[in-house]
Amino acid sequence: MTEAERAAFWRGKRVLVTGGAGFLGSALCHALAALGARTTALDVMNPDGGANIANLEGASVLLVRGDIRDVELHSLCQEVDVLFNMAAQTSHMGGQKDPVADIAINAVAQVRLIGVMREAAPQATVVHASTRQFYGRPISLPVDEFHPVNPPDANGVSKWAGEQYWLLEQRVLKRPVVSLRLTNCYGPRLRIRDARQTFLGIWIRQVLKDEPFEVWGGEQLRDLTYVDDVVRAFLLAAEAAPQPGVAGRVFNLGGSPPASLLDLAQRLIAANDGQGHYSVKEFPADRAPIDIGSYHADDHAFRAATGWAPLVGLDEGLRRSLDWYRTRLADYT
Ligand SMILES: NC(=O)c1ccc[n+]([C@@H]2O[C@H](COP(=O)([O-])OP(=O)(O)OC[C@H]3O[C@@H](n4cnc5c(N)ncnc54)[C@H](O)[C@@H]3O)[C@@H](O)[C@H]2O)c1
């Protein structure tokens, strides 16, 4: 699809983005608004997650505050063309502490949303934000979609269940559904106040405040996806979802070539003109049992199905992220 064709595809489309004030949801909202889609963001604005009112600044999007567990969903879903389903309890430690709330959002409320979508928007395409987390500690690298599912924590169980309910909608009712299993994503609008949304959030904050950050372990490999590449992946997934061979599929989404945490720490400092320092610490004992070790995705299937490839390299993505936050630290720390 050319850019003009993409704009024509999205212009006037009714789109609902759950979790639309969060990191990835808000980035998607900005892109959708720019493409002329009529976009509603639904978000509970939970202070423990990535929601931030500043995330939607400048986007022509309707923000509805509500909890997918109990908000009146029917009018929000009525005749939508596309649902981007980003809302989730995303904290791994949070899921361990309160697995009932975790599964209530990530699985039970998904079934509720599915029921309403059947009535209010039976033809709509759904792109569901899923996670690499439930593969657990990889038995081999890179990890493709056939890797066994072995959730290391409650959040992995609930996210896997939620995804499976959405896939049933395609299998049973032929709704165009695609699930993208994301790896660590980063970039503008990521929560950087603390380490709740990836280690990179707190690293960025510390570097910009000229304070040391901690690297836990250091040898673990990670692949990172820059937010603009994530957004493009979701748009491509929605555009391709009705096609045979795409509908009902789960796809891993990777990004930059794998790098160790130590390498990432050094590249973040280099992206900050050499300014910044860190110390290496042992992995905290309370997190070690749910740590997945090294991970990087085999995302050939998604690339082949949609033509997606990451466009923003790691060093460039780190530079762009730092530049973005430099003038916005008051809103994000
Ligand atoms: N960012 C990543 O690296 C990453 C990696 C793997 C998977 N994911 C998945 O991508 C999706 C988006 O993640 P994100 O990084 O943007 O997280 P985020 O926390 O920034 O966004 C999630 C949003 O959902 C909202 N939300 C949570 N519970 C809700 C509820 N009950 N009702 C309505 N809204 C609710 C939050 O307020 C938040 O704004 C999630 O489903 C997450 O599991 C993200």
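**Figure 1. Strands S6 and S11 in the predicted model.** Strand S6, which covers residues 177-182, and strand S11 pair in the parallel sense, and five bridges join the two; the coordinates shown here and in the other views come from a predicted model. Within this pairing, Ser 179 stands opposite Val 250 of S11. Strand S11 itself, made of residues 249-253, is mostly covered, since four of its five residues are buried.

Figure 2. Leaving aside residues up to four places away in sequence, Val 250 touches Ser 130, Glu 145, Glu 163, Ser 179 and Arg 181. Val 127 is 123 residues from Val 250 in sequence, yet the C-alpha atoms of Val 250 and Val 127 are 10.0 Å apart in space.

**Figure 3. Helix H7 and the elements that cover it.** Helix H7, residues 198-208, is largely enclosed by the rest of the structure, because eight of its eleven residues are buried. The buried residues of H7 are Thr 198, Leu 200, Gly 201, Trp 203, Ile 204, Arg 205, Val 207 and Leu 208. Just after H7, the backbone at Asp 210 takes a positive phi of about 55°.

Figure 4. With its 13 residues, H11 reaches 18 Å from its first C-alpha to its last, which is close to the 18 Å expected at 1.5 Å a residue. Leu 314, Gly 317, Leu 318, Ser 321 and Tyr 325 are the buried residues of H11. Seen down the axis of H11, these buried residues fall within an arc of 100°, so they line one face of the helix. An α-helix has 3.6 residues a turn, so residues three or four places apart point the same way. On the other side of H11, Asp 323 and Arg 326 are exposed. The buried residues of H11 pack against the strands S7, S10 (224-226) and S12 (259-260), and also against the helices H7, H9 and H12.

**Figure 5. The shell of residues around the ligand.** Of the 33 residues around the ligand, those that come nearest are Gly 19, Gly 22, Gly 50, Ala 51 and Ala 88. By residue class, the shell divides into 16 nonpolar, 13 polar and four charged residues. At least two residues of the shell are supplied by each of helix H2 (23-34), strand S2 (38-43), helix H5 (99-120), strand S5 (125-131) and strand S7. Helix H2 gives the most to this shell, with three residues.

**Figure 6. Val 227 in helix H8.** Val 227 belongs to helix H8, which covers residues 227-240, and it counts as buried because it has 25 C-beta neighbours inside 10 Å. When residues up to four places away in sequence are not counted, Val 227 touches Leu 24, Ala 27, Cys 185, Tyr 186, Gly 187 and Pro 188. Pro 99, by contrast, is 128 residues from Val 227 along the chain, and the C-alpha atoms of the two are separated by 28 Å.

Figure 7. Most residues other than glycine have a negative phi, and most peptide bonds are trans. In the loop between helix H3 (74-77) and strand S4 (82-85) is Glu 79, whose phi is positive, near 60°. Glu 79 is exposed, because 10 other C-beta atoms lie within 10 Å. Asp 273, placed in the loop between H9 and strand S13 (278-281), likewise has a positive phi, near 55°. Asp 273 is exposed, because 9 other C-beta atoms lie within 10 Å. The peptide bond from Leu 141 to Pro 142 is cis, with omega near -5°, and Pro 142 has its place in the loop between S5 and helix H6 (154-173).

Conventions
Residues are numbered from 1 along each chain as its sequence is written. This is a predicted model: local features need pLDDT of at least 70, side-chain atom pairs count only at pLDDT 80 or more; totals for chains, interfaces and linings use all residues. A residue is buried if 20 or more other C-beta atoms lie within 10 Å of its own, exposed if 12 or fewer, and partly exposed in between; C-beta atoms are placed from the backbone. A residue is near a molecule or strand if its C-beta atom, placed from the backbone, lies within 6 Å of it. Ala, Val, Leu, Ile, Met, Phe, Trp, Tyr, Cys and Pro count as nonpolar, Asp, Glu, Lys and Arg as charged, and the others, Gly among them, as polar. Two residues are in contact if their C-beta atoms, placed from the backbone, lie within 7 Å. Two strands pair if DSSP finds at least two bridges between them. The expected span of a helix is 1.5 Å times one less than its number of residues. The arc is that of the directions from the helix axis to the C-beta atoms.
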